[in-house]
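Work through the exercises below with the sequence and the 3D view open. Try each task before reading its solution.

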Amino acid sequence: MVIRLLLLFLIAFPAFGAEVAGIRIEEKDKVENSELALNGAGLRKRAFFQVYAIGLYLPEKKTAAADAVGAPGPKRVAIHMLRDVDAGQFSGALIDGIRENVSEAEMKAFQPRIKQLTDVMASMKEAKKGMRITLDWNPAAGTQVTVEGKAAGAPIPGEDFYRALLKIWLGEHPVQDDLKKALLGEKS
C-alpha cells in the first residue's frame with residue numbers, strides 16, 4: 001500500500017529541476033528520441049524587467065562554458081517568456097548576442113542562417129508572455145525553433161550556428177554574467 005501511494009505521488013508530481021520567476025523548469029527534456037538533463041536555469045533581466053526564464057539541456061551536465069557549447073549530441077535551450085516582446089526586438093537581441101561572441105568573418109558566414117532565424121521569429125510576430133520557445137540542436141536535422149511545441153520554420157543547418165546561439169548565453173561576452181553562471185549550474 002505504501003509503495004502504491006509513493007508511485008502515485010511520483011506520477012502525480014513529476015520531478016522538476018528548478019523554479020525561475022515562478023516558472024517550473026523540468027529536470028529532463030527530449031530532443032527527438034534523446035533524453036537530456038537540465039544543466040542549469042536562470043532569469044534574463046533587462047534593466048529591472050524580467051524578460052524570460054531559460055533552461056539549458058544537455059546529454060550530460062557540464063560546468064565549463066566551452067564544454068557545454070562543444071558537447072556532442074542533441075541540446076536544447078528552453079525559453080519561457082515572462083513579458084511580451086516584439087519579434088524584431090527578440091531576434092535583434094539574439095543577433096546582438098551572436099555578434100558579441102563570434103568573429104566578423106563568422107558573422108558574415110552566418111548571414112543566410114541568421115536571415116532564416118529572423119524570418120522564423122518574424123512569422124510569430126511577438127514572443128508573448130507565457131510562450132515557450134525552444135532552440136534545439138538535432139544532429140540529424142539542424143537547429144529547430146519550436147513555439148509551444150510546434151516546429152516553426154525549417155531546421156537551420158550547421159552545428160557551428162547552434163554553437164554561436166549558445167554563446168549568446170555562454171560565450172566570452174554573455175548577454176548576462178549571472179545568467180551564464182546559472183546555466184552552468186552555479187548557485188547564486
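A cavity is a set of grid points where a 1.4 Å probe fits but cannot get out. The model used here is a predicted one.

**Exercise 1. The cavity**

Task: Find how many cavities of 30 Å³ or more a search of the whole structure gives, and describe the lining of the largest cavity by residue and by class.

Solution. 
Step 1. About 30 Å³ is the volume of the largest cavity.
Step 2. Its lining consists of Ile-54, Gly-55, Leu-56, Val-77, Leu-166, Trp-169, Leu-170 and Leu-183. Two or more of the lining residues come from each of β5 (49-58) and α5 (159-170).
Step 3. Sorted by class, the lining has seven nonpolar residues, one polar residue and no charged residues.

**Exercise 2. Helix α5**

Task: Compare the span of α5 with the expected value, and list which of its residues are buried.

Solution. 
Step 1. α5 has 12 residues. From first C-alpha to last it reaches 16 Å, close to the 16 Å expected at 1.5 Å a residue.
Step 2. Phe-161, Tyr-162, Ala-164, Leu-165, Leu-166, Ile-168, Trp-169 and Leu-170 are the buried residues in α5.
Step 3. Leu-166, Trp-169 and Leu-170 are among these buried residues, and the lining of the largest cavity includes Leu-166, Trp-169 and Leu-170.

**Exercise 3. Asp-136**

Task: Decide whether Asp-136 is buried or exposed, and find the polar partner of its side chain.

Solution. 
Step 1. Asp-136 belongs to strand β9, residues 132-138.
Step 2. Buried means under 20% relative accessible area. Asp-136 has 6% relative accessibility, so it counts as buried.
Step 3. A polar contact of 2.6 Å joins the side chain of Asp-136 to the side chain of Arg-76.
Step 4. Beyond its neighbours within four places in sequence, Asp-136 is in contact with several residues, including Val-31, Lys-75, Thr-143 and Tyr-162.

**Exercise 4. Positive phi**

Task: Locate Glu-32 and Lys-125, and state the phi of Glu-32 and of Lys-125.

Solution. 
Step 1. Most residues other than glycine have a negative phi.
Step 2. Glu-32 has a positive phi, near 55°, and sits in the loop between β3 (28-31) and β4 (34-46).
Step 3. Lys-125 has a positive phi of about 65°. Its place is the loop between α4 (104-124) and β8 (126-127).
Step 4. Exposed means over 50% relative accessible area. Glu-32, at 58%, is therefore exposed, and Lys-125, at 62%, is exposed too.

Notes:
Residues are numbered from 1 along each chain as its sequence is written. This is a predicted model: local features need pLDDT of at least 70, side-chain atom pairs count only at pLDDT 80 or more; totals for chains, interfaces and linings use all residues. Side-chain values use heavy atoms; hydrogens and water are left out. On a 1 Å grid over the protein atoms alone, a cavity is a set of points where a 1.4 Å probe fits but cannot get out, and a pocket is an open set with protein on both sides within 12 Å along at least five of seven lines; lining residues have an atom within 4 Å of a point. Grid points are joined across faces, edges and corners, and a volume is the space filled by probe spheres set on the points. Helices (H or I, at least four residues) and strands (E, at least two) are DSSP runs, numbered from the N terminus. Ala, Val, Leu, Ile, Met, Phe, Trp, Tyr, Cys and Pro count as nonpolar, Asp, Glu, Lys and Arg as charged, and the others, Gly among them, as polar. The expected span of a helix is 1.5 Å times one less than its number of residues. Buried means under 20% relative accessible area, exposed over 50%, partly exposed in between (1.4 Å probe, protein chains only). A polar contact is a pair of N or O atoms within 3.5 Å; within protein, one must be able to donate a hydrogen and the other to accept it, and residues adjacent in sequence count only if both atoms are side-chain atoms. Contact means heavy atoms within 4.5 Å.
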